[in-house]
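This briefing looks at side-chain pairing and overall make-up, grouped by topic. Please read it alongside the sequence and the coordinates shown here.

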Amino acid sequence: MFEHQKNKMDELIKDNEDFRRIYNRHQELDKRVTAAELGTAPMEDLALNQLKKEKLWIKDKLAVFMNS
């Protein structure tokens, strides 16, 4: 995520509490989605889809920070 803007992302993580909180939530959701998809933490499809939607919504919020 945002690999081509790593320096800006690192700066925002360090200096912006809101960005850091949202970024950490995205990382948490990413781990949960990955675990569900790999079968190490099974969950129902509806729950998985809701996590994916929240993850995408958060990614959009991070993009706003990255592009401002």
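Buried means under 20% relative accessible area, exposed means over 50%, and partly exposed lies in between, with a 1.4 Å probe and protein chains only; by that scale Asp18 is partly exposed, with a relative accessible area of 40%. This is a predicted model, in which local features need pLDDT of at least 70 and side-chain atom pairs count only at pLDDT 80 or more, while totals for chains, interfaces and linings use all residues. Residues are numbered from 1 along each chain as its sequence is written, and side-chain values use heavy atoms, with hydrogens and water left out.

**Overall make-up**

- The protein chain has 3 helices and 0 strands, where helices (H or I, at least four residues) and strands (E, at least two) are DSSP runs numbered from the N terminus; the elements run α-α-α from the N terminus on.
- The C-alpha trace of the protein chain spans about 35 × 20 × 20 Å along its principal axes, and buried residues make up 25% of its 68 residues.
- Of the contacts (heavy atoms within 4.5 Å) in the protein chain with a separation of 6 or more, 62% are between residues 24 or more positions apart.
- The accessible surface, computed by the Shrake-Rupley method with a 1.4 Å probe, counting only the protein chains shown as cover for residues, comes to about 5,000 Å² for the protein chain, and 50% of it belongs to carbon and sulfur atoms.

**Charges and salt bridges**

- The protein chain carries 13 positive and 13 negative side chains, and the centres of the two sets lie 1 Å apart; Lys and Arg count as positive and Asp and Glu as negative, without His and the chain ends, and each charge is placed at NZ of Lys, CZ of Arg, CG of Asp or CD of Glu.
- There are 6 salt bridges in the structure, a salt bridge being a side-chain nitrogen of Lys or Arg within 4 Å of a carboxyl oxygen of Asp or Glu.
- Asp18 and Arg21 form a salt bridge at 3.4 Å, N to O, and both residues lie in helix H2 (residues 17-38), 3 residues apart, about one turn of the helix.
- Asp30 and Lys55 form a salt bridge whose closest N and O atoms are 2.8 Å apart; because Asp30 lies in helix H2 and Lys55 in helix H3 (residues 45-66), the pair ties together parts that are 25 residues apart in sequence. Asp30 is partly exposed, at 27% relative accessibility.
- In the salt bridge of Lys52 with Glu37, the closest N and O atoms are 3.0 Å apart, and this pair, with Lys52 in helix H3 and Glu37 in helix H2, ties together parts that are 15 residues apart in sequence. Lys52 is partly exposed, at 35% relative accessibility.
- Arg25, Glu28 and Glu54 are joined in a network of salt bridges.

**Aromatic pairs**

- The whole structure holds 2 aromatic pairs, for which the ring centres of Phe, Tyr and Trp (its six-membered ring) must lie within 6.5 Å, with planes under 30 degrees apart called stacked, over 60 edge-to-face and the rest tilted.
- Phe19 and Tyr23 form a stacked pair, 6.2 Å centre to centre with 15° between the planes, and both lie in helix H2, 4 residues apart, about one turn of the helix. Phe19 is buried at 0% relative accessibility, and Tyr23 is buried with a relative accessible area of 16%.
- Phe19 and Phe65 form an edge-to-face pair, 5.5 Å centre to centre with 75° between the planes; since Phe19 lies in helix H2 and Phe65 in helix H3, the pair ties together parts that are 46 residues apart in sequence. Phe65 is partly exposed, with a relative accessible area of 21%.
- Phe19, Tyr23 and Phe65 form one aromatic cluster.
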